[in-house]
Amino acid sequence: MKSWETEKQLSNHARVLRYIFRNQPVSRSEIGEDLSLPRSMVTGITTTLVDQGIVRELGKAETAEDGALGRRRLLIGICPEARYAVGVEIALRHFRFCLTDLAGNVIDRLCYAPDAEQIAQVNRAICDGVHQLLARNPGPAEQVIGVGVALPGHLNLQSGGMVSHSTLWSGFNAHALAQALDCRVTAENNVRSMAYERYLFDIESCPENFAFLHVGPGIVCADFKGGVLNSGGYISGEIGHTISNPDGQRCECGKTGCLQTYASESWILKKARLIHASAPRSALRSLAADPGDITLDTVLTAYKLGDELVIREIRDAVRYLAIAAANLAIIMGTEKLYLHSRMFQNSILKDELKASIESQLTFVDKKGSENVEILEFQPERAAIGAAALAIDRLFIGK
Ligand SMILES: [Zn+2]
């Protein structure tokens, strides 16, 4: 009985803390009403949080609870410098480390392109990076709540290892990492980590129900329902491997005509290299001496220069991605769909994509279109999201 009560106390504590994170500045009475908790319990929990320096009083609200008369509400919010988290992103092209406060402000960062040895010994590389970051910031290091890791795959909760198409990550293990670092560690898929970055660090505009679609070398979607990440199985959110065209090309997953083969960065590059090799008059020839030198920027420049084959390739990418995104928005019924992609920083493509998605969402009423937001591409989003993940799982929900 006693342990059950302790458990319940902890979970109400976590609920109140999470509510303050998401709704600050907020009054104690609002917390009690929205979470259906007795006023005395909310007062007890918030008093403890204020005593611990985690929550602070922000002053009185402009209006009283009834909008005009009565006592003005005393507002509280999270003290950003009370604790810190380390977010790590591991990917073939870069290892990123961010030290953030509770509001997601990046205090310090570290980034490098790993060599084969660092990828093979990824746990050791993560330990080194985390130690380096903390050694440079001795003050925050004393208040670090743990480490979050964003993965280019999925976490196997039992073994602590990574489930991935690639065999290169067999050196990763979250359990062993926690032991080696002697601190708490949590890990999650990189796109799901990006969704956490929205949920915890963009409280102004991120709703409780939303989807986050990331287009990079692969295309993955993460979603939150009622403030809870949909963790699903290993194929959940793998939107890149839904079929766009059954008569299309064979995808690396074995199926034919996946969205991946039209809209992923890896396939856009692959097709651009083929154009370079087979079309002597392509603008790509003047932009890159060798097909291997072609980057996404090269492709976008060729698009701007009017290269017909590249334009066709990019148009297909926009078209199929817009169809998939609109289908997602309709099926999931989310309040907001975020899109994150390096490619769609190009303003012409961004406008085309947004218009194409919106035109598919206004068949019932005109409002559907307001819910699509193409985010500014932020290379650190997964690492910062991993810090948000650590805060949510290791601090709020501890
Ligand atoms: Zn596929």
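Start by colouring the chain by domain: the assignment, whose bounds come from an automatic or database domain assignment, gives domain 1 (2-78), domain 2 (82-204 + 380-396) and domain 3 (238-334 + 343-374). Between domain 2 and domain 3, the C-alpha centres are 30 Å apart.

Before going on, note that this is a predicted model, in which local features need pLDDT of at least 70 and side-chain atom pairs count only at pLDDT 80 or more, while totals for chains, interfaces and linings use all residues. Residues are numbered from 1 along each chain as its sequence is written, and side-chain values use heavy atoms, with hydrogens and water left out.

Select F97 next. F97 is in strand β5 (residues 95-101); strands are DSSP runs of E with at least two residues, helices are runs of H or I with at least four, and both are numbered from the N terminus. F97 has 0% relative accessibility and so counts as buried (under 20% relative accessible area; exposed is over 50% and partly exposed in between, with a 1.4 Å probe and protein chains only). Show what surrounds F97: beyond neighbours within four places in sequence, its contacts (heavy atoms within 4.5 Å) include V88, L110, Y112, I126 and L133.

Move on to the aromatic rings. A search of the whole structure finds 10 aromatic pairs. Rings of Phe, Tyr and Trp (its six-membered ring) pair if their centres lie within 6.5 Å; planes under 30 degrees apart count as stacked, over 60 as edge-to-face and the rest as tilted.

Select Y199 and F224: this pair is stacked, at 4.9 Å centre to centre with 20° between the planes. Because Y199 lies in helix α8 (residues 190-201) and F224 in strand β12 (residues 219-225), the pair ties together parts that are 25 residues apart in sequence. Both Y199 and F224 are buried.

Then select F210 and Y338, whose ring centres are 5.7 Å apart and whose planes are at 80°, so the pair is edge-to-face. F210 belongs to strand β11 (residues 210-215) and Y338 to strand β14 (residues 336-341), so this pair ties together parts 128 residues apart in sequence. F210 and Y338 are both buried.

To see these rings together, select Y196, Y199, F210, F212, F224 and Y338, which form one aromatic cluster.

Finish with charges over rings (NZ of Lys or CZ of Arg within 6 Å of the ring centre and within 35 degrees of the ring normal). K270 lies over the face of W267, 3.6 Å from the ring centre. R319 lies over the face of Y320, 5.2 Å from the ring centre.
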